[in-house]
Each structure stands twice: as structure tokens, then as C-alpha cells.
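Welcome, and please open your viewer.

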Amino acid sequence: MFFKLDSFALIGIDAVKVAIEVHLSRGLPGLYIVGLPGKAINEARQRVRSAILNSGFEFPVKKIIINLSPADMRKEGSLYDLPIALAILAASGQINPNCFSDSCFIGELSLDGNINPVRGLISMVEKAVALKKKYFFVPGINAGQASFFKEIDIIACTNLKETIEIIDRGDPGGNACRKICLDISGNDSHKIDFSEVKGQFKAKRAIELAAVGMHNILLIGPPGSGKTMLARRIISIMPGLDLQQCIEVTKIQSLCSQPANDIITKRPFKNPHHTISRAGLIGGGVYPVPGDISLAHRGILFLDELSQFPSHLVEDLRQPLENREVVITRNQTSYCFPSNFMLVLATNPCHCGFWGDNESRCKCTEREIKRFWKNLSGPIMDRIDIRVFVSRLKEEDYINTESGENSEKIRERVERAAAFRKNNSKGRKIKYNSEASAAQINEWLAGNERLRKSAFMVGKKFKLSARGLSSIIKVSRSIADLEGSKNIKEEHILEAAGYRAVKAYG
Amino acid sequence: MDKLLEDILCVLYVMKIGPSDLMREYRRNGDDIRAAVHYFKKSEGAGRLRQMTFGGSGMHRKKTDTDDEPARILEYIKKHGLGIMHIGNKDYPSDLLNIFIPPPILYYRGNRPEKKRFNIAIVGSRRCSHYGREVASYLSRSLSRIGITIVSGLALGIDASAHREAVKEKGGSIAVLGNGPDIFYPPENRGLYGKIEKNGTVITEFAPGTPPLRTNFPIRNRIISGLCKGVIIIEAGQRSGAMITGELALRQDREVFAVPGSIFNPKSRGCHKLIKSGAKLIEGVDDVLDEFMHLFKDKGHAGKRPLVKNGYRKQKGYTDKPEEPSGLDPMQLKVFKTIGCRPKSFDDISIAAGLDAGKLLKILLSLEMEHIIREDPVNHYCRYE
């Protein structure tokens, strides 16, 4: 009396197939789970037994061996309750075993037979599609997250009894969820808007450029100048996510947050407090989960009050910023979480915060200011293409200045620039200007000696390093994109220099 | 080995006679250091004298100074390539000799101090504004260019700006320290220290190893003003080291010049107070040089002071009335016209010129590259004058 069905396990954000094998044999009655189960899986013995009995079925009085194959891989979580219960029932001949070979199962059982949601569902459904499965039985509460996949029928299960009825009928497809046509254009409803920010023309323009090229940006300014306000609104002008990106984002988020029903269509905005731990920021744990840098994938990681962050945390961002992913290695396996985010930093210019704002009020000595900026290492600063000083508004400007453009208008421009870049960059691998390599930059400048020369002059005047120069050129490419210009012009380089030559430090 | 030098060191560091006592004896004996030293050596051990020695506590390196201190100092100086000079040496600066308590011993690095040299001091706030820094650089550069040596205190801010520009030009610079010659203070100016050594002198009256105690600095200020014919004060608060230097300069009968500043800036208070009480208000190098016409006469300049080739008034962009610089395109001109001599914020310029941020930034940067406007403070722009 052997039976086998398919389920999934998660490694990082990827799913792998796990076969649930059951063998009922003679011997002392009992339920044994083998194949490196975690604590939660071992406890499934109690849940499964109660759920089966409470749903009106018989729990076989046999020696029951359950093997989770591949048996040498550690497995965690409560997601195998449903498949184990079904496998036991099928092995003991209580349900119709016909449709099992095309199906896979995920779900946690309550003692009364109800099915509870699980985490990381979307990765498993994606894997099931790749394995050409026809049906996927998922917890009803989770079903919305998966039902936009056209290739597979999602069957939402609310309790064990109902699930068994569906299986017994032999045609689960009839009970599948309606396929949702995902409306990803609906992500423009942001509660906050750029029109609420008065003045700050330079900073707004810089942010627009950052959104075009996914440039990392540093906002420097005295307290109360609106750094945080600006940073929170960046999301509202970034172009919408496409379906593949939505899936990526949902995959990561569903590993950490409470199990959700819907797919995420908005770009994430992560704003960790500076007391965040290393594992919280980068990701980690015994069974590694993504940190804030991965949860900010495709969105924004905003470090407010940068000077308060321990420098080792900021240094940890180096590699993820370069590779756009973070690899967390534990003695058994490596977990790779994508972390393609836009880094937004905000800081005061000095300890008292008034440097450059009200010079007689700033009490910091040159040395204190230097020490203040020393916390930020060169390699991190090199990865920040745009730095902009946010000045405080004068009191009368709060009342007088008209409110600026709204986010929708700005986003339209950003999206147009993104479309222009796409058309203009046929065969180019890079997705964003900020990711351009040295060779790419050379290509942009190719055949234009004057441009090269003026870039050099600008670099000399503002005492920029080679890295500083290359980041000016990346930003000027974004300016050109925004303008719809095929080539970078001298004026673009001049403007870009204005976002780099901030005197506040070094 | 110079026996007199060793005797002076012995009086200072073994007998612990302060420079003020030593100098009083020096004056009493008709400016004869040999006689003064002889006086103290002769009466060594007399309790009366011991009690007299109260001044110049900063001169003592450690409480554990011993009898072989002079030898140790001399050895140290030899080993580290420092120079030493005592009062009575034939090239001891003559201006310094005229002050109330000239330092009996000078340690130096770099060029040996000269007997006759036209020095002018530039002193001011450590926490200076951008304006103060610009003024210091400009005055220092122009004066050094015509061969005048700039003396200052190697502090941050105004002092550093003055030194930095002076060492690039003919006149060079003299830095007067408030600590031993082997200590780099403030550490930020270490690079500057090296540059001054190459084109000028770093001087101190404090023995090697003396830490930069706060009490040392007013003491060394008398040397700054003492070395000079005049003292220029830029951005001094009401109770600042620069003001002390200014007062000392008056007592030493030196010219005192003060650069005016904004009445809203508390750092201008000191300078303005000096001006009110008779210091000369200066707007440029010419104002400084006018006071020294008689010196140039002696030197065979036939009554004419040296021509300041790159004087402030002849600098690019300067006229009594603001004038439009030539060679600007219409857009640049439009932006330039909205900017005055007072800093104006980016947003205000943008509204006044009717340009969006991107275009405006591009034009501002191009004007900044041409030295027509400058950013001061951040996000505020004003004309370069």
C-alpha cells in the first residue's frame, strides 16, 4: 500500500519539487516522517491525524511511513500537512487516486480540517508551471496570489473534506479559480504626491533623473528641509512594474510578510530604522530569509538619517549594489535573493545640521564636519550618482509658493524617457543607465572629442575622481533620455555636474 | 657648540626662569643677553630668585625636567633637522626684537628667519565663512606675489587659507605655532606644514614636545604681530584670538587693518569694533600698501610702492558698478541679471528667470565654470566679486 504525490519546498525564493511518499505496512500503529523534516513537519503527525478524523475519515491503524524525497534536503514549515493527509487517505483507499499524477498540493491543516495559508506560494506555482502540472491545490486564502497563471488550474481549498470531494469527482479543473487578468496599471494610486512639496526645484529635478536612470541618490539638508518628504514620494513617479517584475516582487515579499492573497503590483518602499540588524538589512537567519535590501527589490531602499547607521551596515551594501543580488551562504546551501533597488540616502550636512543653511547657527568645526562625513566610505559614495542639497524653505515661501507638478505628470515623463531608452538601446544589455559599464560609457562618448574634452574640463573644475566623472556621464545620459536626445550633449554634462559637485563634504 | 645658547637653555629649562624675567634682565643690562644670563647663573640657588620665577609656565615641557635638558633639546634638534636661534643672534628678526617680551629662543623648521623682512600677518576666525576664506586667500595671494611674507598661526579657517595661498607665491609664509616644532597641530594642516617648510618658515618659541595647550596660543600671538609691520584681521569674533593679536599689535605699535563683513554676522563684530576704534578699514591690497609708503621710499622705490599687478580692482569682473561680463549668450545673460551680489536661492532664481530646474542648473554651472558667479552657501548663488 504505497502512494506518492507531489509538493514543493522552498530554497531561498526558488521552489523545488518534493515527492511525498507514503507506505502503509503492518506493524505497531504509528506515523513516522523521514527525509530531514523540520520541527513543524514532525508536528504535522498530530495535525494530520486530527484533521482526518474531524473530517469524517478513518485514520488507518497501520504503521505509516512518510518519506519526503529528496531525502537529504532539509525541509521546513507546515506546508506539507495537506499533501500528507491526502497521501494517507489515498494509500488507504479512501479517495479516488486518479488525478494525483497531474496535481500538486500545498497547505497547512487545522485540527478541524480547515486549510490555512502558506508562505512563498507564488514561487511554487511558478515551478509547477515549469513542470507542466495541470492542477495546483492551494489554501483558499492564498489562491488570489496565483490565479493569474494561465497554464495551470488553481484549486482553492478551504477545508479537507471539500478538497476530497473535488478529488473524488475526478475533474478538479471544473472547480478551478477563475483566471484573473492582472491589472498592473492600477498602481498609480499613491496616497502621497509630489505636488505637496513646495519649491525644491533642484531636488525634484534630481529625483526625476534618478527615477529615469535608477540612479542612487543622496539628499543632504538641514533638519526640516523636506528630505524625508521627497524620498517618500519617489515611488510615486517611478514607472509601473511589468508582470514579470510583479511576480519577482511578490515572490520575495511572500517569503517574509504574512501570507497574502494578492499579487503585489506596487514598487516597494523600505525605510528601515537605523537600529536594524545586519540580518534584517541584508538577509539571513538559520533558514535564510530576505532582508530589507531584497524586500526593496524593484523599489526603493531609503536610509533616513544615514549618519546614524553603523558604518559596517552601510558597507554591507557594497556588493548588493554592484551585483543587484545578495548571496547568503550557510553551511548547507547558498541562497540567492535578488536586490535590485534604488538606494536613497538622506543625511544632515553636519552634526548640528545647519551647515550651508545658516552659517552663523552652525557650530561645527571643519574637523567635526570631516569626521561626520568620514562615516561614509569612498566605495559607497562612488555608487551614488546624484547628490543634491535640499535647502530649507523660507517661512514666507511656505505660503507663497504655488504647489508644483503632481506625480502623475512627472511619471509620464519618466515613462516616456524609459520608452525612449528602450528604443534607443537596441541590443544593449543594460536596463538602466546607472548600470552602465566603462565600455558602455566609452561608447556613449565615442566619436565626439569635444564632449570628451568638456567632460574632462568639468571634472577638473569640480575636482572629480574618475568614478565621479563616469557617474556624471551616466546621469547626463539620463538627462538626454528625458529630453529625447540620441546623443549626450555638453549641456547635459554641465547639468549632471550640478548633481555631483556638492560642497558639503570632502 | 654655542656656549651662550646652552646657557640660555639652562636658564630657561633647568633654572626655570621664565622668558619675562629673562627679558627684563636683558633690557636692564642694555639689551645684552650674555649679561642677563650671567646674572641668573651667578645667583643660582638664591631662594629669592626661585620665588620670582612665575611667568612662562608653558615653557616647561614636563615637571620632571632635569639638568641635562639643554643637551637633550640640542640633540633632538640636531637629529630631526630643526633649527634654533636665540636672541642676540645676528639674524634674529629685528622687528621681533622691538616687542615687550621677545622670545629668547626660536625653534624653526624650513628657511632660517631673516633679520629684515617685510612681513604682514593675516589672522582671523577658525570657523570662518566662505566670504572670509575668499578674502584671506585673495589678500594673501596678492601680498605674497609682490614679495611680502604672510605670517599667521597655522590654525584652521582664515589662517590656513592665508598660508595656503602665500606659499604658492614669491613672498612665502611664516607660521607661528603654539606648541613644540615637532608636533603637528591641528592635524588637518599637516600637509600645509610641509608646504610652508619649503617656501617659508615654521617658528615656535616652545621647546620640542610642548603640547598645544590653550594657554600657549595667546602667548604666541605676540610673536605673530611682533614679526610684522602690520596685522590684517578678518572675521574675528568679539572675544577671539585674532582680537588678542590685534590688541597686541597696537601695543607693539604695528598697523592694524580690519576687513569689514556683514553686520548680520556675529563674526564681524570684532573687526567692526576695531574699525570703530581706529583700525584701518581695508577693501584691497592697495589700502594695506598705502600705509607703508615710507618703507618703499627707503628701499629705493623712488617714492612709489610696488605695483599690484593682480590687484583686486583690476581683477576680472570688478567695477564700481556691476557690469555685464561680455561673451555670454542670451540665456546666460538672463540668468546672470537675476543674480546680484547677495546670495539668492536656486528656487528664487528659477522663478525670477522663468526656467525649469534642469535648464537653470546647466546655465548656472556654465557661469560657475567661467568664474562669473559662485555658489555660496549651497544652493545659493551670487556674483563673483
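Select Lys344(B) and you will find Tyr381(B) of S12(B) standing opposite. A word on what you are viewing: this is a predicted model, in which local features need pLDDT of at least 70 and side-chain atom pairs count only at pLDDT 80 or more, while totals for chains, interfaces and linings use all residues. Residues are numbered from 1 along each chain as its sequence is written, with chains lettered from A and ligands numbered from 1 in the order in which they are written.

Strands here are DSSP runs of E with at least two residues, helices are runs of H or I with at least four, and both are numbered from the N terminus. Two strands pair if DSSP finds at least two bridges between them.

**Stop two: the whole of chain B**

Select chain B to see 17 helices and twelve strands.

**Stop three: the cores**

Which residues touch the most other members of the largest nonpolar core? Among them are Ala85(A), Ile88(A) and Phe136(A), in a core of 158 residues. Such a core is a set of buried Ala, Val, Leu, Ile, Met, Phe, Trp, Tyr and Cys residues joined through C-beta atoms within 7 Å; buried means that 20 or more other C-beta atoms, placed from the backbone, lie within 10 Å of a residue's own. Next, pick helix H3 (residues 81-91) of chain A, which gives the most to this core, with nine residues.

Note on methods:
A residue is buried if 20 or more other C-beta atoms lie within 10 Å of its own, exposed if 12 or fewer, and partly exposed in between; C-beta atoms are placed from the backbone.
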